[in-house]
Amino acid sequence: MSSPRQESAEPDRVANVLADAIRGCRRHLMFAALFSGLVNILYLVPSIFMLQVYDRVVPTRGGATLLLLTLILVVSLIVFAILDMMRMRLLLRASLRLERRAAPGILLRILGADDATGGQRSQAMRDFDTIRGTLTGPTIIALFDAPWAPIYIGIAFLLHPWIGVLSLVSALLLGGIAIASDRVTARAARDTQMRATLATREQDVSIHGSEVVRVMGMRNAVITRHLLERAELVRRQSALAGTAGQFLAVTKFLRLLLQSLALALGAWLAIRQDISGGAIFAASLLLGRALQPVEQILGAMKPLVAARNAWRDLDAFCRRPGPSAHATALPAPVGRIDVRGVTVLADNSDRALLSDIAFSVEPGQIVALVGPSGAGKSTLLRVLSGALSPDKGEVRIDGASLSDWNREQLGKHIGFMPQTPSLFPTTVHTNISRFQSVLSGESEALDAAVVQAAQAAGAHEVILGLPKGYATMLSMAEGSGLSAGQNQAVALARALFGLPTILLLDEPNAHLDSEGEARLVSTLEAMRRRGATIVVSTHRTGLLQVSDKIMVLRGGTIQLFDERAKVVRPTSPTAVPAAAAGGAR
């Protein structure tokens, strides 16, 4: 049996991973359905026992018969309990098997698919958890038991036609009420859920911005706004609960009434000597058992609809092509970058963030990206790293398109520092090592590589000053619990880990003082000497002195791309590119 780690490393297949995983669970589900049938047959044992006691034991005063019937009852109920337990264990095993077979492929698409939106990625695993939870919850049990409702009604007809008619009418009546309840409350339930989700998100935003709220005297206004939203939400929830409660009360009333009517009908038929005395109580039990699957399936309608919607969305998500794991293993990249006609459009818009970008960078060169805010520098770095797929054009590394590279293989040779550091809620050591300790375990060699990267980034002393040094656990809060400068230092160390061949840095000196910037310049020079290709965006001029070429971006297009000596004004050693003057400030 392969571990999740091993399965996630296996080549991704074109087939839908979710459908494949469900097919892998089919045997468990078939046996669970079989055991459900046996369980439902054994549900009849108490009714048969009562019928025999009243029809055979009481009239004949047969103590031995009573003992034998009781023994049969006990054995049957023990078998019933064992089958029920085995059914649940089978469903649990199916859930675990589904997790083991589907989760790696889904996570691979969540973290590696290029054409999925952030919302689709976030929703995918929640949808999967909904489907997996359905396999072990009351919904799947209700589906297995539902086909037995007509069988119980048929047995009631065998007991007496009028008892069968009452059971059929009762099932239809309760089913109709449940369907009416769902239709009446469905729209209000969806609206209330949407408002609750929106209110939670707005409260989270207010919590994250609490410092601004306090400092700028917005506290009372924000609190009042949230209280008004909550009051409206509570009003809607109360109205929804009231409507649902009315239907529930009617359902309980009818269930109790109908079971009592079954007793009355049985007694009336017994008076007419159409059925035996034991059949009176058997009629009530059969009616209750006939209604139970109906109530179960109707109670599971909302979870079933949620599971169906989750399946539909997740199935569509899993049909997206995953990141290629079949690419031929290529040699370690030398670092030549060729950008050919790259165009990137804004989401849901025809506005171009980048327009027909084309250039080349040779190994061992440092290219500085400059230009005003919104010029497209960060977008270009994301395209070069493969984090963002262009709408047109392509990026080639050593002549091979990014789509032809095994991204895990290529990623080991790329150091990428985005504008937002995006550190993870784990230790500083694990962040810098790119989670290598998870795959290969802790080692002195890994520690040495982490420290080397931190020293190259000028982050070693900063990290030693943290409460637990490299073992400091970062939080999920904004900023990971570190200052902006500390975040940037750790992110730069992560980018430098493993001595990457290609280094893509988005404003790495934004939070550095003059000493830190000088150290960064020395690090970039050292990386260039060993042949690394470096593309770095900056709004400050300190990094221009170490660059070989300067690219000026404006409005998503290249205004100028040439040797530094031809771009920088010669009158001042700290001058900005002439084409970017006024915009780079």
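Which residue forms a salt bridge with Glu394? The partner is Arg396, and the closest N and O atoms of the two are 2.8 Å apart. The model examined here is a predicted one.

## The pair Glu394 and Arg396

The two partners fall into separate accessibility classes. Glu394 has a relative accessible area of 22%, so Glu394 counts as partly exposed. Arg396 has a relative accessible area of 18% and is therefore buried, because buried means under 20%.

## Other salt bridges

A search of the whole structure finds 18 salt bridges. One of them joins Glu202 to Arg225, with 3.4 Å between the closest N and O atoms. This pair links distant parts of the chain: Glu202 lies in helix H9 (residues 161–208) and Arg225 in helix H11 (residues 219–271), 23 residues apart. Arg225 is partly exposed, at 41% relative accessibility.

Another salt bridge connects the side chains of Arg235 and Glu232, at 2.8 Å from N to O. Both residues are in helix H11; because they are three residues apart there, about one helical turn separates them. Arg235 is partly exposed with a relative accessible area of 48%, and Glu232 is partly exposed with 27%.

## The open sheet

Six strands make up an open sheet, and their order is E6-E7-E8-E3-E9-E10. The pairing in this sheet is mixed. At the edges are strand E6 (414–417) and strand E10 (557–563), each of which pairs on one side only. On average, neighbouring strands are turned by 10° against each other, direction ignored.

Strand E3 (residues 366–370) and strand E8 (residues 533–537) run parallel and are joined by four bridges. Within this pair, Ile366 stands opposite Ile534 in E8.

## Helices on the sheet

Helix H14 (residues 377–385) packs on the sheet and touches E3, E6, strand E7 (502–506), E8 and strand E9 (549–554). The direction of H14 makes about 155° with that of E7. Helix H20 (residues 484–496) also packs on the sheet, where H20 touches E6 and E7. The direction of H20 makes about 165° with that of E6.

Gln365 lies in the loop between strand E2 (352–361) and E3. Is Gln365 buried or exposed? With a relative accessible area of 16%, Gln365 is buried, because the limit for this class is under 20%.

The side chain of Gln365 reaches the backbone nitrogen of Glu362 at 3.1 Å. Leaving aside neighbours within four places in sequence, Gln365 is in contact with Ala532, Thr533, Ile534, Asp548 and Lys549. Ile534, in this list, is also the residue that stands opposite Ile366.

Key:
Residues numbered from 1 in each chain as written. Predicted model: local features only at pLDDT ≥ 70, side-chain atom pairs only at ≥ 80, totals over all residues. Heavy atoms only, no water. Pairing = 2+ DSSP bridges. Helix = DSSP H or I, 4+ residues; strand = E, 2+ residues; numbered from the N terminus. Axes fitted to C-alpha atoms, helices over the stretch in contact; angles between N-to-C directions. Contact = heavy atoms within 4.5 Å. Buried < 20%, exposed > 50% of the residue type's maximum accessible area, 1.4 Å probe, protein only. Polar contact = N/O pair within 3.5 Å; in protein donor to acceptor, adjacent residues only side chain to side chain. Salt bridge = Lys/Arg side-chain N within 4 Å of Asp/Glu carboxyl O.
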